[in-house]
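Thanks for coming, everyone. Let me put the sequence and the model on the screen, and we will walk through a few places together.

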Amino acid sequence: MIRNNCFVFGKMKNCFRVLSTYRNLPNFASLSPICPQMNAGNLPNVRLNLDKSRGIHSYPFQILGFPCVIHHTRKNYCLKGPNFGQSRVCSRVGLGKNDHVVGCVASDVRNCSTTVDSRINDKNFEKVYIKGGVNVNPLVIERTVNEEEHVSSVAKTIDEKVDDSVIAESSSVKKKESEIEKEAWRLLRNAVVTYCNSPVGTLAANDPNDKLPLNYDQVFIRDFVPSALAFLMKGEGEIIKNFLLHTLQLQSWEKTVDCYSPGQGLMPASFKVRTVPLDGNSGTFEEVLDPDFGESAIGRVAPVDSGLWWIILLRAYGKLTGDYTLQERIDVQTGMRLILNLCLSDGFDMFPTLLVTDGSCMIDRRMGIHGHPLEIQALFYSALRCSREMLAEEEGSKNLIRAINNRLSALSFHIREYYWVDMGKINEIYRYKTEEYSMDATNKFNIYPEQIPHWLMDWIPSEGGYMLGNLQPAHMDFRFFTLGNLWSIISSVGTPKQNQAILNLIEAKWDDLIGQMPLKICYPAVEDEEWRIITGSDPKNTPWSYHNGGSWPTLLWQFTLACIKMGRTDLAEKAVQAAEKRLQLDRWPEYYDTRYGKFIGKQARLYQTWTIAGFATSKMFLENPAMASLLYWDEDYELLEICVCALNKTGRKKCSRGAAKSQILV
């Protein structure tokens, strides 16, 4: 441990302020950088200047009770000085090319719980909060760092687990691009959004003929993921790093809907770069980021999946670039903890799955997925596995890591045991007894056999199976939801046999799930009276359209990744070929309608960016499966040894967690 009194600054591009309402800015000592002035100098020389000419508001904060200034996942950090706790520093400072301001938050987790208590007033929860008004001159930090020293320091911190041969191999894999691939990349680059002359994301859609873009001219966290992977596979990491840092800074802004503010860790669904007049200067403009946390969304639903996607992308950035310094930053570690605190907080639920409202993920309209939808659970499991890899192992994170391990163990058991359906399981449900009141009940959720839909009896193949769309007391949603099942494979939330069976089912039901355009977002569509009850007669989610059985080409990259993991690249190649025949001719639609994806969606946006990026990423995965292998997880045997349910201590039947070991496919 190195004991020095110091601030350390990391790399970030110049930028302007962020448009937001600042009243309760929690837990961040590092916020958006503002147009720094750079002077040549040596590394130790740090000079603080008050710049009164810019007229930009800053927000001073006070840092209380920190044990550290610099976070570490690779051992090196600096401790505070004796007067550090009472120092006043500008929360929005000018940062140089290699600069960032750091802060620290430790989490409080109860020892034997799968939840995290995120109460701010807890003695063990170290905090950073904002104090003061808005009419304070910005503090500008000026310095430069020798680029060679910076590159050398980054190289020394690369994680030992990075497979350098894979990254080197990816750079050597060169293949002549087809015309459709060239067009995809041209359109993808045209969709890039810049903020202060730096790329920060891609538009949701970029149709030049669309005169009413609604919110499709914004950068969505979930939509940007395939674009980010495409750029990372190309060796272009700057846009992803900028995106991660700017969305992280937006995380701490105040979110209010009708006088109520959601949790601190909530990530925005999207943001837009706006140009607004500079305060006090007529005729002068500046760029600002305007986030949407769901207060402008249809139904005003918070985007539960945004934080999960952010964590998944953070891990992907490190894996595909070999640069782990980003996830080591204290502000990044703090943001990750805030998301985890929000997801692992105590509630009334009896299950390890996340309880969410309808419309809180990719299916962002009413579609009967409220409760414990598979998509959220699979992404939640993936984000927990990512966090387990990236969280710094230090005294302040032990309880959080313990809570993550406990939740991972409980969640994998719950999904594998209760969400899985195949021919045998359906037959078991068909013979269920109901109203069982005992510790040894077979029908734990009191599912009535009459809930089994008639279509499922003939549809389920003998050699395949899948994860239920949703599960809660007295309710099973037997629809096949593609994204959740694909991420069950990618994250290994399912057993190896279950994962293989999901692909077997997709192959057996190719026409239903792939058809003329991959892939169905869910199957089957709800129709007639069921459609009126479940969707509220939604004119956009009519049967076999949009979220109600529509075909979404963006799911192609996730399908390809799952196929590569399970050694079924033949299925991925077949699906990519089907998409390749039509996407360019149809001008890259958002989704397709009809039972087999024959027609362009009736309200589909053209030149949809994640359609473009999904296709480009799928092609790159198939060309370089070794690189793709860095993005999925294999079975974690350590988790199989952790049993948080303690069934053997109560006299009840011992759980069969160890059986998963025998299900590894050779």
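What covers the buried residues of helix α3? The cover includes β8 (192-195), β9 (198-202), α4 (221-233), α18 (569-580) and α19 (609-623). Covering here goes by contact, meaning heavy atoms within 4.5 Å. Helices (H or I, at least four residues) and strands (E, at least two) are DSSP runs, numbered from the N terminus. Buried means under 20% relative accessible area, exposed over 50%, and partly exposed in between, with a 1.4 Å probe and protein chains only.

Two notes on the source. This is a predicted model: local features need pLDDT of at least 70, side-chain atom pairs count only at pLDDT 80 or more, and totals for chains, interfaces and linings use all residues. Residues are numbered from 1 along each chain as its sequence is written, and side-chain values use heavy atoms, with hydrogens and water left out.

Stay with α3. The helix has twelve residues and reaches 17 Å from first C-alpha to last, close to the 16 Å expected at 1.5 Å a residue. That expected span is 1.5 Å times one less than the number of residues. Its buried residues are Ile180, Glu181, Glu183, Ala184, Trp185, Leu187 and Leu188.

Look at Glu183. It is buried yet has no salt bridge. A salt bridge needs a side-chain nitrogen of Lys or Arg within 4 Å of a carboxyl oxygen of Asp or Glu. For Glu183, the nearest side chain of opposite charge is Arg186, 4.5 Å away. Lys and Arg count as positive, Asp and Glu as negative; His and the chain ends are not counted. So what does the side chain of Glu183 join in a polar contact? Gln584, at 2.7 Å. A polar contact is a pair of N or O atoms within 3.5 Å; within protein, one must be able to donate a hydrogen and the other to accept it, and residues adjacent in sequence count only if both atoms are side-chain atoms.

Glu179 pairs with Lys182, closest N and O atoms 3.8 Å apart. They sit three residues apart, about one turn of the helix. Glu179 counts as exposed because its relative accessibility is 56%. Lys182, at 40%, counts as partly exposed.

Across the whole structure there are 23 salt bridges. Asp331 and Arg329 form one at 2.7 Å, and both are buried. Asp636 and Arg388 form another, at 2.4 Å. Asp636 lies in the loop between α20 (625-628) and α21, and Arg388 in helix α9 (residues 374-390), so this pair ties together parts 248 residues apart in sequence.

Now the rings. Rings of Phe, Tyr and Trp (its six-membered ring) pair if their centres lie within 6.5 Å; planes under 30 degrees apart are stacked, over 60 edge-to-face, the rest tilted. That gives 21 aromatic pairs. Trp309 and Trp557 are tilted: 6.5 Å between centres, 50° between planes. Trp309 is in helix α6 (residues 304-321) and Trp557 in helix α17 (residues 556-565), 248 residues apart. Both are buried. Phe413 and Tyr418 are edge-to-face because their planes meet at 85°, with centres 6.3 Å apart.

Finally, the overall picture. The chain has 21 helices and 20 strands. Buried residues make up 60% of its 666 residues.
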